[in-house]
Amino acid sequence: MRTISGRRVLSLMLVGVLVWLASGGGIVAQSGGNYFDKITVGSDIDMYGTGAIRDSLSDTVQAMVTSGHLTVAGNATSPNVTAGATGNAAASGVYGAVIAGGGTVAAGTWGSGSHLNLAQTGAHFSVIGGGLKNRQGAPYATIGGGQSHTVEAAGWWGTIGGGQINRVQGPYGVVAGGFGNTSHNGGAVLGGTQNTALAQYSGSVAGYRNEIDSVASMGWIGGGYCNTVGTGNTCLGSTNPFNRITVGGGTGTYSLVAGGDRNAVSGYSDSILNGFFNTVSNEVTATVTGVYTTGLFGYHTGNEPVGSVFSEYDFDTSVATCNTAHNSILGGEQNTIANAGILTYTQIISAYSEITPALVVGCYGGYGLVGTGVSNTITGTTAQYTTILNGFDNEASGRYSTILNGYQARAVGEYSLASGRYARALHDGAFVWADGEDAVYSSTVANSFNVRAGGGVTLTTSGAGLSLDGPVIVDGMTFTYTAPITITGVLTNVRLLFYQVP
């Protein structure tokens, strides 16, 4: 049995240490006015009502409870310490738990049910710092304070700092504060309202009703309203047709929504920085048979696939799936990127596989970019490395194609470029520049330079001139020059026609 002089400072934490060190016996101090020259501590100390422990010489209070209770309950492993309202408690069999205070049995506007703080079954070595109506359900977890928080049984090492109605569902989850936020599997929510970070090591900084789906490992949402990573936008109650409730495909791994309103990312390593109703999402499937690899341009030497993070192969259904990847939308409204693609090869396999014939399945990465604007779309299985910088209702679907700006412009061919009103680059390598005329202006052949300029064309070359390596066609007439022509002097209102007779 250990004894401690009553002249030494006896804090609440020291009482807890004494209990832990003690064996057998006990003491109950209640109703006030209890003086001790020596205190012998056994298996537990209970203080409640107006209980006080005083120094008998100096009449100073060393430990006192003016309402509620303080209980230190010893056991063979580690004592439980509970304080605050009478009724705060650790469940039977729990050890090492601390409830530092809080809780109430008084009537108030705190909602229905018990308003006490409880360390539930299995919550060993857990902590509830204060607040009320908090439920600690996992070992090594912490609730700092606030109201109506829950750490579920799977939330080992989870943390809730404060706020109201926050929840940790899986191990290592963190909710720093805010209202109605949820963390799972190492996800972190720093604040805001009704945000969820359900994926492994994902994070949501702030905002309202943002969601990181459980498959979107390392996904991130900076803030905003109703943004999602790894799933379609699940905000309910909206009648806006661009809410995209059913957006599908992709995992959202390493993906980012920095902010904005109802932006959705469900590809791999994709990002939306800001704006409204923007979406990066696509999933392409193909049925294939043979010997497979699902890595990007990978190869295989056995009967199992080489996997990549944005592709997969299902041996039961013979279905290969590719998700869009490495795309970005910087801002704007109602912009969309959906550009996944599947590659299959039946040649060049003999060098890599002992089984012939064999089949390689690969996925195209996306690498698309929409800068800003409204209702711009990058789409198609061949829309890789494609760019739309700005404008309204533009669409690019050719690999390496670009739309600089414009209205209802189209870049369909590979390496094509379109800009202006109704500009249509329909062929590979076509350049189409359209003015403001209210009519479609399209390329007609590949690798062509097409300009519609209703106000004329001016070329300023600082005297270097213009060189052509083919005939000049004017209004259907072909002019061919085989020798240099030099014109000097001042020409006014003179029309010169030169052509060579075959």
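Reply: Let us begin with a loop: Y201 lies between β22 (196–197) and β23 (203–204), where strands (E, at least two residues) are DSSP runs numbered from the N terminus. This is a predicted model, in which local features need pLDDT of at least 70, side-chain atom pairs count only at pLDDT 80 or more, and totals for chains, interfaces and linings use all residues. Residues are numbered from 1 along each chain as its sequence is written, and side-chain values use heavy atoms, with hydrogens and water left out.

Me: Is Y201 buried or exposed?

Reply: Buried means under 20% relative accessible area, exposed over 50%, and partly exposed in between (1.4 Å probe, protein chains only). Y201 counts as exposed because its relative accessibility is 51%.

Me: Where is C226 placed, and is C226 buried or exposed?

Reply: C226 sits in the loop between β25 (220–221) and β26 (228–229). Its phi is positive, about 55°, although C226 is not a glycine. With 0% relative accessibility, C226 counts as buried.

Me: Which strand pairs with β44 over four bridges?

Reply: Two strands pair if DSSP finds at least two bridges between them. Strand β42 (residues 402–407) pairs with β44 in the parallel sense over four bridges, and T402 has L417 of β44 as its bridge partner. Strand β46 (residues 431–433) also pairs with β44 in the parallel sense, over three bridges, with V432 of β46 opposite A418.
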